Each structure stands twice: as structure tokens, then as C-alpha cells.
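Here are my notes on the model, for reading beside the coordinates. They cover a pocket, a surface patch and salt bridges.

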Amino acid sequence: MNTPIKYFNNPRILEKYLPLFENPWKQNVEALRDYYIDGMVKYEISGYVSFLRACTPTAKRLGQERIRASIQPIVQRVAEQQFKLHPPRDEEARQIIRMLIEQKHITTEIDRAFPHAIGISLLLSLTSRFLNGRWLIMINKSERSFVTSDNPAVAYYHKNSTGIGQLYVPLAPGIAILVSPDFDDKIIDENSINSSTCKNDCFVVPKLEYVEKFNELIIKAAEKRVLHSSINAWLKQKVHHCSDWHVEIKVDEIQAESGVFIVTRELLTRIQNA
């Protein structure tokens with residue numbers, strides 16, 4: 001990691017974090033392949049998955065959208081107040097600005113490095129959530145390998161539900177995990193990590209239909225690139241079929257006496273005019 005990171009006293013903070021989880025990655029994935037998991041394997045994989053979740057180009061883009069959504073009610077209120085106090089003298093300009101305000105087209109620009117810095121600051125918290133969460137470890141023995149992408153840690157919602165989701169991450173062509181995070185932010189004590197964190201985890205061999213379902217999720221959620229060990233007809237067809245999808249932030253505004261609550265979710269959305 002050679003690029004300095006803004007908003008930190010140490011601009012190369014990731015160089016200290018990543019090796020702890022990146023270096024043992026291969027051996028930890030091999031452990032899962034052998035149907036073995038303990039507290040340290042889970043902790044080290046959780047740390048790297050947190051990086052994949054928080055520091056990809058997609059994470060930066062979605063972070064910008066989240067921050068923009070969270071401050072939009074304030075921007076809207078200020079724009080309306082300023083328009084009332086200082087309306088443009090020119091009638092045409094006044095109509096254009098009124099339309100922009102009414103349609104909520106006046107927004108803020110968010111420095112792309114800022115949500116990246118927030119993501120880095122949340123790495124330990126995310127690691128704790130994944131470490132203490134429940135894992136479904138899928139050992140793929142079907143004719144179809146798991147694919148991955150430049151956005152490899154994706155929110156997964158069960159059918160007809162877009163509430164609290166799980167996290168799907170393909171770790172290798174034959175291994176993937178489905179994580180139900182523990183949202184009670186527990187402090188991680190590396191000296192006391194043991195297999196008790198794995199008591200609710202289980203290994204499964206998914207059917208082909210589920211492998212294909214998760215592959216479609218990854219392909220639709222890809223930012224620019226789908227990654228696989230080989231290019232073949234089924235992959236080309238699937239990528240072409242899903243090329244007009246991507247992940248967006250869905251914003252819900254909940255009115256309350258004290259103001260507005262902003263709830264954001266990551267959802268797959270078909271790109272219009274793709």
C-alpha cells in the first residue's frame with residue numbers, strides 16, 4: 001500500500017494493519033478447505049474481510065453516497081432558508097433555483113478520501129462484528145466455481161427482505177462465507193481469542209443453484225471487473241446478462257419530532273439507460 005491516506009496523522013496507517021491479516025490469508029483459506037476453523041483463523045479472515053468491505057473503490061463510492069444522504073436534510077433546509085432570505089432578482093434564475101430546491105437537486109460534494117478514512121477508522125469495529133458473528137462456510141463441490149470481483153464483500157438479503165442483511169464473501173473458487181454480523185461492538189482481546197467464537201459456525205456443501213445465485217450476486221455488485229480463474233461461455237453470458245446492475249445506497253427518511261432519521265441500505269439496482 002504505497003498511497004498516503006488523508007485525514008490521519010500516520011498517512012500510511014494501512015501498512016501497519018494489513019500484513020496482520022493479509023500474510024496468513026492463504027493458510028487460513030486452506031484451513032477452511034479442510035473443514036477446520038478456530039478463533040484465530042476466524043479473527044484473521046475477519047480482519048481482511050473488513051478491509052475488503054471498507055476500502056474498495058465501491059466502498060468509497062457508497063461511503064460518499066451515505067455521507068451525502070446523512071447531511072442532505074440540513075443542506076435542503078439551508079437552501080430553502082437562503083432562498084427565502086436572498087431570492088435572486090432575476091425571475092428566470094429564481095424559477096430555476098426554486099425548481100432545483102423543490103426537486104432536491106442541490107447537494108454537497110464529498111471528498112472521496114473522507115469516506116475512505118472513515119472506513120479505515122471502522123476496521124477494528126467491523127472485524128469484531130464479523131469475528132463474533134455466525135458464519136456459514138460453503139465448500140463448493142459443484143461443477144461451477146465461485147466467482148469474485150472488485151467488490152468482493154457484498155450485502156446479501158434473503159428473498160423478499162431488504163432489512164438487516166448478511167455479508168457474502170467468496171474466499172476462493174471453492175470456498176465462500178455467509179456472515180451474520182454481531183452488531184454488539186465488542187472489544188477484541190487478541191490474547192483471549194479462542195474457538196468459543198466459532199460455536200455457532202457451520203460448514204455446508206451448497207447445491208449448484210445456490211452457487212449460481214451467489215455468483216449472480218457478485219457479478220451484479222461488481223464495480224468494473226469480475227474475476228475468475230478462466231473465461232468460459234457461462235461466465236460471459238452471465239456477465240453480459242448482469243452488466244446493467246450495480247450497488248446503490250437506498251435512502252429512507254423517517255420523520256420524527258426531533259427531526260429526520262436517515263436510514264441507508266445497500267441494494268442492487270438496475271442502471272437506467274444502460
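1. The largest pocket has a volume of about 890 Å³. A pocket here is an open set of points on a 1 Å grid over the protein atoms alone, where a 1.4 Å probe fits, with protein on both sides within 12 Å along at least five of seven lines. The volume is the space filled by probe spheres set on the points, which are joined across faces, edges and corners.

2. The model is predicted: local features need pLDDT of at least 70, side-chain atom pairs count only at pLDDT 80 or more, and totals for chains, interfaces and linings use all residues. Residues are numbered from 1 along each chain as its sequence is written, and side-chain values use heavy atoms, with hydrogens and water left out.

3. Which residues lie nearest the centre of the largest pocket? They are Arg53, Arg66, Leu126, Arg129 and Glu266, out of 34 lining residues (an atom within 4 Å of a point). Elements giving two or more residues to this lining include helix 3 (39-54), helix 4 (57-85) and strand 9 (259-270). Helix 4 gives the most, with 7 residues. Helices (H or I, at least four residues) and strands (E, at least two) are DSSP runs, numbered from the N terminus.

4. Glu266 forms a salt bridge with Arg53, with the closest N and O atoms 3.1 Å apart. A salt bridge is a side-chain nitrogen of Lys or Arg within 4 Å of a carboxyl oxygen of Asp or Glu. Glu266 lies in strand 9 and Arg53 in helix 3, so the pair ties together parts 213 residues apart in sequence. Glu266 counts as buried, at 11% relative accessibility. Arg53 is partly exposed, at 23%. The cut-offs are under 20% relative accessible area for buried, over 50% for exposed, and partly exposed in between (1.4 Å probe, protein chains only).

5. The structure holds 15 salt bridges. Among them, Glu65 meets Arg61 at 3.1 Å, N to O. Both lie in helix 4, 4 residues apart, about one turn of the helix. Glu65 counts as partly exposed at 21% relative accessibility, and Arg61 as buried at 15%.

6. Arg265 and Asp252 also meet in a salt bridge (2.8 Å, N to O). This pair links distant parts of the chain: Arg265 is in strand 9, and Asp252 is in strand 8 (residues 245-256), 13 residues apart. Salt bridges that share partners join Arg53, Arg66 and Glu266 into one network.
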